[in-house]
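Here are my notes for your first look at this entry. Please keep the structure open beside them and check each point as you read.

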Amino acid sequence: MRYALLALNFLLSYTLSAQLNGKYTFRHIGTSDGLLNSTVRGIAQDEEGYMWFLTESGLQRYDGHSFVNYPEILDVNPGEIWWVLYADQKGSLIMWKGDKFIRFDLKSHRFTAHTAEDLFPNEPPAPGVEYFEDGNRCRLDSRLWVKYEKNTGNIIASALNYNLDLKHATCWQAFDSTTGDFYSFEKLVYLQIWNPVTKQRFSSALDPSTHPVIKEWNKVKIHGYDKMMIDSKRRIWFISYTHHVYRYDLNKEEMKYFSLKVLADKLGKDTLQDARGLIHFMLEDRQKNIWLATENVGLLLLDQEKDEFLCINSSEKIIHGLRYNYAIRNIFQDRDGNLWLGTDRGINVFNPYDNYFQIIRNIEDEKKSVPKFDIMDVIQASQGEILVGTWDGGIGIYDSEWNYIRTVVFPDIPQHNQVWCFIEQDDGTIWAGCNWGYIHKYNPALRTFTTDRPPETMNSTILRMTKDKNGNIYLVLRNGKIAYWSKKDNRFYAFNEQKSAYNKHPAFVSNIFIDQSGRGWSALDQCLLEYDAKQLTYINSHCAPDSLSKYDIRYITQFNDSTLIIGLRGNGVYLFNKNSYQISRPEIQTHIAYTTVNTIKQDSEGNFWLCAGNALYKCNQDLSEISKINLGYNALTSDFYELASIYELSDGRWVTTTPSEIICFDHRLIQTEESEKKDVLISGLTIMKEAINVDSLLSVSDQLMLPYDRNFISINFTALEYLNAFDFTYSYRLKGIEDEWNSTSTRQAADYTDLKPGEYIFEVKAIYGSSESPITSLPIIITPPWWDTFWFKSLCALALAAIAYYFVRRRIQTIRKEAELKQKISETEMMALRAQMNPHFIFNCLNSIDNLIQSNQKEKATTYLAKFAKLIRAILENSKTNVVPFWKDMEALSLYLELEQLRWDNKINYSIEVDPRIQNGDYKVPPLIIQPFVENAIHHGLLNKKGSEKNLTISAELQGDNIKYTITDNGVGRQQAAEFKRANRSSHKSFGTKITQDRVDIFNKGENQSIHIVDLYDEHQNAIGTKVEVWLTTQSETT
Amino acid sequence: MTTLTAIIVDDESSSRNSLLQKLNDNCPEIHILVTCENAEEGIDAIETHKPDLVFLDVEMPRMNGFVMLQKLIYKSFELIFTTAYDHYAIQAIRCSALDYLVKPIEVSTLVEAVEKAKQKKRLHSNGDRIDNLIHNLLDERNQHHRLAIPSQDSLQFVEMANIIYLEAESNYTSIYLNPEARIFVSKTLKEYEELLPPSIFIRIHHSYIINKNHVQKYLRGEGGQVIMSNGKTLDVSRRKKEEFMKAIGY
């Protein structure tokens, strides 16, 4: 029975042939993109999402845009080529070869070399022991260690089991968690099965074996097993060094084997002579599809229904197809579901699941594919056939699953093969409108074409055709006119265009839209033309206002009963009210403002779908929301191709075309809700042109702290999008120096130079059309130099302030004292000078001299003048110094007295008595210090006195350390003098005594009471004069 | 030849003698009735002789010249003050448009003064000036000082507080009074600048002296402008701005 099954399986395997070429769109990453070596040995993804590639030239990290290289791996155990790469869940990458491995720490970016023994430290060596068990560890052969949980028997780790976490990928061991059996190869030849719980060990080397798997294994009798894998359905796959794949189903207890030789033979390859290494890798992805990486046969996918492998080959002819030279070495599925293929020609990435769109396009030299010529329109015949009209390539015919049937090319006239548009007559006949007014009619039942050229088309190219609700057909012609086919009459008519002012050529002509009331709407260039569809006449033209006048109308359809929606060339859409002729623009316009809208189609739920430029959009019914549909990676051959139209197939799928591809999709399945966008990662930092390991940096602190002299920063970032069809851009800014977002798409880096000390936040996000990712922030702190820190500056300032305060205060006190004194002295001296130079006295003296001259008293005048001159000289000289010798001063005082005496006709008697010790001694006094008292005595005391006997006595004597002056007059006394003064309302203010007081105080340094004024009275208490006493501290020149 | 009788009052004999001598030599039409060596004598002599002209020294012991004038009943004489040096006295004298001589007396000035006295004699207005002088002197707080403003044929006494501003018009001056009066005087603005008390009057422009008590508003500008109480807007020159601002208390 089992042999029969096996035989059946052999037969089944012959069907392993169906081609998947062209179904998937691949992205290639090769050496020109930065890959170090085109042979990729290992692919892994770390927890952050970066991809890691192990090539023969080093380890590389990839963020979807750029690489970071770690060629240092070559220096670890030089000469070794590491074969296997996987990311463990402890922040490391592990690279294996044989029983050695390297650990790469994802934070420190350091490599460390290990051997399998390192996984089991302190294990006593057991030389020569093939099977050894100790506690929760077991050594199955000289290289293979296994560590398991003692209670459950679950395998925790095993040497050589490099990707225990990836359960469903090929490796050298497999663990069946249902039975607890651990499968491994013994000496690369035998299968051994060991159970940690039962401790039973089976081996194909011990023939016969009681284990059912080993029994089947022994039956096959083919040696050279390489790797194994257990899939989610408990099927163990064994891959041999040959082109055979064996599968034992643990549930069904049956063995099946697949031979790739059959497939290779079908592909016409003659490279199977060396069967070794034919199959490199096997993976069951999360969608439970099983993929096989092979040499020469390409990528195989197990068709689960037919239980056979389907094949994808490398073909240069397929745009965005799979690329390799000979081998695909490994397969990895990343967290986004993308499948990564490591080949000998770089990396191929594709996503077989994130793809709602079936792309059908020409394959070079493949007659059975879509014609190479520009695809113009698509229609499905009533019996299911799909017709593809091309410009110059005739009509391609496919079945409803896009399997090629045939191409119809019309001989004789080239224009017959230039198809522009299709329409289906109510009876099922399909019309193909062509250049020069030709129409091919296709009978789907007979599958035959006939060609017509009605005169009403005026030999003008039929650009578009529309059918009204009654089955009549309207033909829009290149010449801007419209022809009409009446279903009832089965004949053509031309529209009456007499009133139409339009006869331009060439013109941009839109479709014609016939509304429910029979009004027809078409457009020439920028103007909307209104027709009476029943009467076949032109009615009116509605030209767009100036703001829209440069944009041609591309498409017209109904928005609601009263409004048309108009698609424009290069300017989105507008709404046209058929009754008021008012134009308005919907909310979505801002999103498609610069886009050409070629087609607008409303689905059964009321949503509007727009073919706008090279993208497909879906809008809600009131045109307030719009979302861009992801067509898939590299869906279009060229970004310059625009989506032309939307045709609905009988099963509800929609078809749109570009000149080079047909895109078939089920709009009802398309999810427009934006999936949650991942955070943008900071992928690199360059500080002062030196690359910094951002992972280790940010693992310590979540902010970047830099000293002031390391303030030239370049920050790299990535959204880790590997297969995103959207043109997404990054926005970033550095808060603290800019508020505006910067935008970048090509260069995923931001540079900041010469940042001043301070706190900044770098923010970055990815923008996907109308949605965006969360903001990623990186606080950056540039610390000021120590001498520029706030604390240091404050401290300095404080210390300085304190010192300065102390000195300033001290200085201020002394200065203030000095200044006060000085000012007082200078003021006093100035005033003294003025007091001495009493102008009244001077002018009166001069007047006296004048009088002497007038009265011819020549001698007297000369004497008087001489004395006056002498006094003035003395005053002027004395004014230069603060002190003068006593005798000199006394001389000046005598002169003064003489002049006063002369002035008053000798009415005043005076006498001066000076102690000879003073007169001859070395005494200094302030100049004319007592002159004001003398003047007062004369002017207020004596002159106010009637009668004679005006006596003035001046004396100077030594009294201790002081010179004592006494000025005595026998005048009216101070009281009387004051009364006279008051009566005269004298404005003449006498500063004399006040100034003198100050001068004396300064001279004496305020040490004692130095001026004393005594009013003199007789025995009857009558005033008989005044006595002034002045004491001056003696001051000799030498002090 | 008209002779004028005159009295000299001066406490200094040298002054009296020298003046007497100069008058004798240069002004034969002056007949000195008596010379007095103090104010008391002066009063007696004036009341007795009723002279045409009095030479009066301001500064004298016991009673000065101004006080002496207050005590006089007879004031219908021409008055020429003599003073050695007294700025304040001179200003007071000029305010009342009285004449004065500074000692030592210059002969030509003396002759001129005598000549003026002879002409003014006919106008009989001297008493008013003396009264004004006395008035100003008595008003110690300068509240109602009056300014004697001579015009063609009369003398007008204007309370200084009523002067809003003075405007120079070549060699003449317009004095704007409150309310709405204008006096046109054949004196330069500079003469008034010396005459008017600087505590009240400010030169704001080469053409204007204003009474700061009549400033209503100051408009800022390069120099700025002031609006006076009569509504007139006057420019303040750039050079005077600071001084002006200080004077009005900014």
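**Notes on strands, a sheet and one buried leucine**

1. Start with β55 (residues 654–657) of chain A. This strand pairs with β56(A) in the antiparallel sense, over four bridges. The two strands form a hairpin, with three residues between them. Look for A:Trp654: its bridge partner in β56(A) is A:Phe665. Keep in mind that this is a predicted model.

2. Now take β29 of chain A, residues 357–361. It also pairs with β56(A); the sense is antiparallel and there are five bridges. Here A:Ile359 stands opposite A:Ile663 of β56(A).

3. How many of the residues of β56(A) are buried? The strand covers 661–665, and five of its five residues are buried. A:Glu661, A:Ile663 and A:Phe665 point one way from the strand. A:Ile662 and A:Cys664 point the other way. Note that A:Glu661 is among the buried residues.

4. Move on to the open sheet in chain A. Five strands form it, in the order β68-β70-β71-β73-β72, and the pairing is mixed. Which strands sit at the edges? They are β68 (908–914) and β72 (1011–1017), each pairing on one side only. Neighbouring strands are turned against each other by 15° on average, direction ignored.

5. Two helices of chain A pack on this sheet. Helix α10 (residues 931–942) touches β68, β70 (950–959), β71 (962–969), β72 and β73. The direction of α10 makes about 155° with that of β70(A). Helix α11 (residues 973–983) touches β72 and β73. Its direction makes about 105° with that of β73(A).

6. Look at one end of the sheet again. β72(A) and β73(A) run antiparallel, and seven bridges join them. One pair to find is A:Leu1016 with its bridge partner A:Gly1025 in β73(A).

7. Last, turn to chain B. B:Leu53 lies in strand β3, which spans residues 53–57. Is B:Leu53 buried or exposed? Its relative accessible area is 0%, so it counts as buried, the cut-off being under 20%.

8. What does B:Leu53 touch, leaving aside neighbours within four places in sequence? Its contacts are B:Thr5, B:Ala6, B:Ile7, B:Ile30, B:Phe77, B:Glu78, B:Leu79, B:Ile80 and B:Ala117. One further distance is worth checking. The C-alpha atoms of B:Leu53 and B:Ile32 are separated by 9.1 Å, and the two residues are 21 apart along the chain.

Methods: Residues are numbered from 1 along each chain as its sequence is written. Chains are lettered from A and ligands numbered from 1 in the order in which they are written. This is a predicted model: local features need pLDDT of at least 70, side-chain atom pairs count only at pLDDT 80 or more; totals for chains, interfaces and linings use all residues. Side-chain values use heavy atoms; hydrogens and water are left out. Two strands pair if DSSP finds at least two bridges between them. Axes are lines fitted to C-alpha atoms, for helices over the stretch in contact, and angles run from 0 to 180 degrees between N-to-C directions. Contact means heavy atoms within 4.5 Å. Buried means under 20% relative accessible area, exposed over 50%, partly exposed in between (1.4 Å probe, protein chains only).
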